[in-house]
Amino acid sequence: MAGLLTTAPLAAVLFAAQRVAGLPFLPFDLFDWLARILPGNLITAGIDAIVALVGGLNLGPTATVAKTIERGMALGLFITLGVVAGAILFVTLAARHVKHGWRAGLGLGLILGVFLLLVSAAVGLPETATPLLGAIWALVCLATWGLALGWIHDRLAVLGESRGPLPPPAEGELAVSTTALSRRQFLLQVGGAAAVITVSGTGLGMLLTDRQRTTVAVAESLMGGQDLPPGLPNATDPLIPAPGTRLEYTPLADHYRIDINLVSPSVSEQTWALTIDGLVDHPLSLTLDDLRNDYDSMDQYVTLACISNPVGGDLIGTTRWTGVSLREVLDDAGVQGGAGYLLIRSADGFYETLALDLVRADERIMLCYDWDGQPLTADHGFPLRIYIPDRYGMKQPKWITEIHVSADYEDGYWVERGWDAVAQMRTTSVIDTVAAQALIDDGGQLRVPVGGIAHAGARGISKVEVRVDDGEWQAAQLRAPLSETTWVIWRYDWPFAEGQHTFAVRTYDGDGLVQDETQRGARPSGATGIHSRGATLLAPADGTE
Ligand SMILES: Nc1nc2c(c(=O)[nH]1)N[C@H]1C(S)=C(S)[C@@H](COP(=O)(O)O)O[C@H]1N2
Ligand SMILES: [Mo]
């Protein structure tokens, strides 16, 4: 109880300070650290479970809800740690018959403080506050926490002594009520104080948290067809997406976010530079301005997907990426003979390896600083990330700090944890909508617009087919994509028939290869299988066509 009453306010105060002054939020650091050191298959099983839970229960956008769940787990873990530490303190003090526990409490707080500081340093996320300030703050907070724990212990011990039946009132004396607190009253008072600190700390922190209107934005983006930014390269394509199809160009606020951090690293443009070293003639240190000014910029429409995305999942999005061709930058550094791989390292400790042959063969591989015409946001990798066509997100580091040119291959972060080393994007197709409310009258024949996306990495899409119930596969219409690597919007107007129906979709890549129809989960190389969707169609009431 004492552990809970001290650790909850501690978490709230740390949270408020993180929001106000960019001081480290130790509960998240602890969780992030565990996520990095625990065995990869355990972590991956955890991620799979969360993705399945969020999708299965329809809890909302997977990436956003999953982060919320993980943050809850982090808080729960931190508070459990505090409760267990408190219990150990109390038991030890009782076993040794120590009356004054504050010294031991202070000691415990400092030990935990140092441990959490080491954890925070091991995760090494850049914080806004200086490391020294962060360290002092963490130690002061944990020391205060330990002192409070010790103080509660000591008070409870004293109150415990004065407990027990009062001596009966002497003859002629009034029964006086004792003024001493009972343990229960004391704990209630401490609980009240703890609640006040917890609620006000959390409230203050939340006031300073940017409200993300993600859920609203997702709802809006499903209107279909409307709200696309002007000037898209396929603006003149006559095919109008079926109502309810996702937006072809994902609003930035809706783009999924997946990474190993509960809070995105905040990299400062002032101190950041991209280091290119290893087997190069001229090691480089490039600022963001250098990258923007000294190289030709290029724009590409890109569909990015997470390898954890289930068939039909929402961990996929399309936006315009701007940056510089990696090849050009490497030419400036002068890659030496014998070099074979680029070891890319990020501010959050993430890393991946890219074969030089691939870079030489594909000028589309780029170091990218803008999304949708804006500098990358902190969540999406500010100041620099890489784009590699045809690869899942796990191969494409955000928050890049260093490119080390090496002779030898090394496994990347998720490859070490059991995921596919190549991570080539799978061919996949999804039904976004069976628009039963948007029947069209096609010369007397009622039709139901059905639509969605198809994607095959950089291989393009040549055909999409829809099957209803046990019928034949029927060709859908395709909209010209934003680029050769983005998803393709398809539409099929199905001749209406009343009743319950199952709609299925499959697609063929640019080489005419049909997608893998075997139902297979995301691990280790991306989910496969046919996406289908059931719908009950009622005959329209008279006169409402
Ligand atoms: N530094 C860093 N880069 C990273 C990751 C990460 O955890 N750290 N996650 C990768 C994964 S698994 C995916 S799917 C994409 C997601 O990019 P997004 O969050 O911008 O959509 O980032 C990739 N790049
Ligand atoms: Mo991912």
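User: Before we start, what should I know about the model and numbering?
Analyst: It is a predicted model in which local features need pLDDT of at least 70 and side-chain atom pairs count only at pLDDT 80 or more, while totals for chains, interfaces and linings use all residues. Residues are numbered from 1 along each chain as its sequence is written, chains are lettered from A and ligands numbered from 1 in the order in which they are written, and side-chain values use heavy atoms, with hydrogens and water left out.

User: OK, how many salt bridges does the structure hold?
Analyst: The structure holds 25 salt bridges, a salt bridge being a side-chain nitrogen of Lys or Arg within 4 Å of a carboxyl oxygen of Asp or Glu.

User: What does Arg479 form a salt bridge with?
Analyst: Its partner is Glu248, with the closest N and O atoms 2.8 Å apart. Arg479 lies in the loop between β16 (477–478) and β17 (488–495) and Glu248 in the loop between α8 (214–221) and β1 (274–278), so the pair ties together parts that are 231 residues apart in sequence. Helices (H or I, at least four residues) and strands (E, at least two) are DSSP runs, numbered from the N terminus.

User: Is Arg479 buried or exposed?
Analyst: Arg479 is buried, and Glu248 is buried as well; buried means under 20% relative accessible area, exposed over 50%, and partly exposed in between (1.4 Å probe, protein chains only).

User: And which residue pairs with Glu402?
Analyst: Glu402 forms a salt bridge with Arg345, and their closest N and O atoms are 3.4 Å apart. Glu402 sits in strand β10 (residues 400–406) and Arg345 in strand β5 (residues 341–346), which puts the two 57 residues apart. Glu402 is buried at 17% relative accessible area, whereas Arg345 is partly exposed at 31%.

User: Which residues are linked in a network?
Analyst: Salt bridges link Lys67, Arg257, Asp259, Asp379 and Lys398 in a network.

User: Switching to the backbone, where is there a cis peptide bond?
Analyst: One joins Phe382 and Pro383, with omega about 5°, and Pro383 lies in the loop between β8 (374–375) and β9 (385–387). Another runs from Arg523 to Pro524, with omega near -5°, and Pro524 lies in the loop between β18 (499–509) and β19 (531–537).

User: What about Asn58, what is its phi?
Analyst: Asn58 has a positive phi of about 55° although it is not a glycine. Asn58 is in the loop between α3 (40–56) and α4 (62–95), and at 69% relative accessibility Asn58 counts as exposed.
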